[in-house]
Amino acid sequence: MVKTYAFIKIVLIFLCAKLQQSFTNYSSTIKNLVVEESNYLNCNTLGVTAYVILFFNTDISFNNFWKLFLKYAKITDSCTDKQNQNITSYNIFFGTKWQKAIETDSLMTLVSYWSQDPTVNKDMYTSSIINTNNSNYLDIFQQIEHNLLDQDMPIKLLIQKKDITVLANFNDIKLYSKLEKLNDYPNTESYYMYESDEAKLIFIKNKKVCQLKNTTLNCMDEYCSNEILNLPSKYGIIKNPINPYNIFISFYDIKQKNILLQLLEIIISSTHCQLNNNEIAETFLEINLYPTIQNKTILRIPWLGNYTKKFINNCFDNLQLPDSFILYSKNIFYTNIYNNMKDYKKIILIDQDIPYKLLSLLKNTNTTLYNDFNFFISGKQTAKHIFDNFTQPLYQMKLLSQNKNSHVYDISNISQINNYSTICTNETTFYLLSDTSSYNFKESWNLAWRQFIFIICCCTLSVTILSTIFYKKNKKIVNSKIAELDEEMKAVTKPLRKAKNLPETERLPWEVKSDRIHIDYEFPLGNGKYSNIYLGKLKGPAPVMGWIKRVEIKQYQDCAVAIKVPKRFDSEEEGQLLREIAVMKAINNHVNICMLLGCTVRNNLVCTVMELTHTNLSKYLKQIKQSFCEQNTNNTSLAMIPYGRFINMIIEICNAMSLLASKGFVHRDLAARNILLTTGLRAKISGLGFCSNANDKTFEMNKKTYKLLHYKIMSIEVLTEGIFSEKSDTWSFGLLLYEIYSMGESPYKDIKREDLVRKLKNGERLKLPIYATDEIYSIMLKCWHKYAERRPGFYDLQNIFLSIYERQFSNPAFVFDAF
């Protein structure tokens, strides 16, 4: 009996010990799993799908409705810029009756357009008014839940952040609880934006309340932050890690990161390593990091079919910098590599340094069974140093041979990876390691080369220093001589060329005695490369009154004028003046052409006296654009643009150009800077210094006058052949339209002449300006036709714009105010 009792006691003690050991092992396993999961660093979501729900009670006014909607649009557009997303998908619910699905890079532009479109703005407002006493309006969240739980959700939508925002003017606990429920879905963030005394945005997840101040959110960074990707428990998602290679990377600079991206592209594009495009794996690759990032040691990369490459690039673009404080040493990092090699796993190591610790661990094991490892060394070591200290020891340990797919790479250039690596491939160029031999270094030749290079460098440096000293000394002498010549030039009282003796009938009718002209040099109206324009005062009648007998010409007596003062008066300036006089003689007078009143001599320079206007078209367009900036708006309201004024000015310009064309003249310099505007915004063409008949020999391509023209407004036949005609002015008119409807933007900015010629020959033309309609743009394209004979003339253009004006703006009850 005693023996039986003792036996039972021994068995019970043994069983208790086993149970305690099993419990200890289980606890240790669970703890390791938790620790391992905590070491994983996951990438952020890619892109945004926004659900916008507009629920308002009857207390909301029409203006406040659109004001809150515009605030939301501005906030979400700024988030699109911060997340470097070009397009965001929006599902907008106007109450329970109207839903809009759109994709746009600027919601602000669309909402601004809707708010001013009478065909939709009232319908959107009324559809958003709900009966808050009836909770049926909450049924709309079932549709959103169905979308979030969709088992057939495409990969593009699966990896996007889902923003669910309710815009309202009331608080409802049931609505709030619905948003809290949606917050529990993967990659989802819910917000509640309402306006009572002031607009507020509530973060449902962390109960944070943010104030909207001057349409700017005071917690914008938090609102725009991406979610960490969390793949749902969707049917068919592979949960077990794939890991075709175990990757280890030691981050030091951007070079290691670029090498890693190149290797990842090889892996995901190789048929031997990639998964099917319709498969999703939660962990396709595990990248072991040193140093850590956010105290995480492993970066998890999922497989997302065709979106894998784009997802990886986005992940690394938003990857934070490595931690400055590292919790574990690099020896542990190398030990982990060694342990993976012992388990016969495929290894990729990217390192700046030679891994001596790993080499010592491999030497201590004395095994030759390790295979399929790829070591990429990208530091400053020479290829010989890497071979002597790392490659050759591995070869001596028989870890590298012609029968093993293991390699050491000296990566001095990222492009070498595609040429030399054997990752995820069964075929590669064959090289016998046994045929290689170590390089016999000759110290004497090395010393000689170093001395030779040192001598060359010293000679080069000496020559450079002496040349610099000589150049500066010579430049100083030249500058002093130039300064002396400038002083002499200022003291010269004679004109730069002899004055041309013109007959009295040619000279006197246009000349104004200098004592009748006062030039206010402290009031410049404009400046250019060859001349400046100042405000002036004319005493007595203008010379033009002597040969134009009209009532309206009497205003040019004892009046303020604009005076163009050339910086020098040579043959080119004289030619421009004579051409302007010839044009004025031919046309007599026109309401849309700036009047040349005469000329006067001041300091031996012939100055042109012109009709004074309020401004020019180029400055006018810039003032309109500046007014948008002063109103602190990023999107120009179409209602603020004086389209009717533009059409009226264009008609006046066509009227004047049609007259010049009928007289056989070609303007050659038609641009916004040469369109003057009166106080009543009447357009007047100026800049007639290059205006003459089409066959004027002065403007042949080899002449100096041709080179003074602005090549960016030249037609293709003028650029290539020097052929001027009315249709070449039509080309310039098309560019003038582009300036008008882009609010003063210069066409072909920062482009060289030869590049412009090449683009025009290839059929490239300017894109549709932001404020132009398709009808206006079609007229521009007609003006830029390759063949001049197919372009419209100015008489035709005038009729086209007259019909547009009558169709769109001819309303007796509508009168334009000055802008």
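A residue counts as buried here when its relative accessible area is under 20%. With that cut-off, 47% of the 819 residues of the protein are buried. The model is predicted.

**Stop 1: the whole chain**

Show everything as a cartoon. There are 25 helices and 26 strands to look through. Now switch to a surface. The protein exposes about 45100 Å², and carbon and sulfur atoms supply 53% of that area. Then draw the contacts. Take those with a separation of 6 or more: residues 24 or more positions apart account for 70% of them.

**Stop 2: a cavity**

How many cavities of 30 Å³ or more does the protein have? The count is 4. Go to the second largest cavity, with a volume of about 80 Å³. Select R668, L709, I713, M714, S715, V718, F724, S728, D729 and S732; these residues line the second largest cavity. Colour them by class. The lining has 5 nonpolar, 3 polar and 2 charged residues. Which helix gives the most to this lining? Select residues 726-741, helix α22. Helix α22 contributes 3 residues.

**Stop 3**

M743 sits in the loop between α22 and α23, the latter spanning 753-761. Check the backbone there. Phi of M743 is near 60°, a positive value in a residue other than glycine. Is M743 buried or exposed? Its relative accessible area is 2%, so M743 counts as buried.

**Stop 4**

Select L681. It lies in the loop between β24 (675-677) and β25 (683-685). L681 is not a glycine, yet its phi is positive, at about 60°. Most residues other than glycine have a negative phi. Colour by accessibility next. L681 has 10% relative accessibility and therefore counts as buried, because the cut-off is under 20%.

**Stop 5: a cis peptide bond**

Finish at strand β12, residues 280-293. Where in the chain is the cis peptide bond? Select Y290 and P291: a cis peptide bond joins them. Read off omega; the value is about -5°. P291 belongs to strand β12. For background, most peptide bonds are trans.

**Selections to keep**

- Second largest cavity: the lining residues, including R668, F724 and D729.
- Loop between α22 and α23: M743, with phi near 60°.
- Loop between β24 and β25: L681, with phi of about 60°.
- Strand β12: P291, joined to Y290 by a cis peptide bond.

Notes
Residues numbered from 1 in each chain as written. Predicted model: local features only at pLDDT ≥ 70, side-chain atom pairs only at ≥ 80, totals over all residues. Heavy atoms only, no water. 1 Å grid on protein atoms, 1.4 Å probe; cavity = no way out; pocket = protein on both sides within 12 Å on 5 of 7 lines; lining within 4 Å. Points joined across faces, edges and corners; volume = space filled by probe spheres on them. Helix = DSSP H or I, 4+ residues; strand = E, 2+ residues; numbered from the N terminus. Nonpolar A, V, L, I, M, F, W, Y, C, P; charged D, E, K, R; others polar. Buried < 20%, exposed > 50% of the residue type's maximum accessible area, 1.4 Å probe, protein only. Contact = heavy atoms within 4.5 Å. Areas by Shrake-Rupley, 256 points an atom, 1.4 Å probe, with all protein chains shown as cover.
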